[in-house]
Amino acid sequence: AEHWFDKLVRSGFAPGPRGYTSVITAWAAAGDLEQARRRLHHMQEAVGEATELLQPFGALIDGHAKLGDVDGAVAVLAELEGHRLKPNIVHFNQAIDACGRARPT
């Protein structure tokens, strides 16, 4: 996904929210949350504060959840709210999933 995304940008096209979301979701699913976050910040700069950001924020929360990273999932949820975006049931379920996958310390 990253390859095609970069090729699109190099060709002079401006990626839309779906393109960004696809790449963010792919990085998060692969467990590379730094890359997912980097693309999310690029998307924020390109799109601004808009409801199109809900799904990619969800992908990032889900990436933390799959790693059992409760603190990371909650931090992204708080960041979403900090952008004056209202989390939905999916976002809260992803954060709860992180709790269920967390390992005792």
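At roughly what angle do the axes of α4 and α6 cross? They cross at roughly 10° and come within 8 Å. The model is predicted: local features need pLDDT of at least 70, side-chain atom pairs count only at pLDDT 80 or more, and totals for chains, interfaces and linings use all residues. Residues are numbered from 1 along each chain as its sequence is written, and side-chain values use heavy atoms, with hydrogens and water left out.

**α4 and α6**
- Helices here are DSSP runs (H or I, at least four residues), numbered from the N terminus.
- Axes are lines fitted to C-alpha atoms over the stretch in contact, with angles from 0 to 180 degrees between N-to-C directions.
- α4 and α6 are therefore roughly parallel (angles under 35 degrees; over 145 is roughly antiparallel).
- In this contact (heavy atoms within 4.5 Å), α4 supplies Leu54, Gly58, Ile61, Asp62, Ala65 and Lys66, and α6 supplies His91, Gln94, Ala95, Asp97, Ala98 and Arg101.

**α4 and α5**
- The axes of α4 (residues 54-66) and α5 (residues 70-82) come within 8 Å and cross at roughly 165°, so the two helices are roughly antiparallel.
- Leu54, Phe57, Leu60, Ile61 and His64 of α4 meet Gly72, Ala73, Val76, Leu77, Glu79 and Leu80 of α5.

**Around Leu60**
- Leaving aside neighbours within four places in sequence, Leu60 is in contact with Leu33, Ala36, Arg37, Leu40 and Val76.

Conventions: Parallel < 35°, antiparallel > 145°, perpendicular 65-115°, else oblique.
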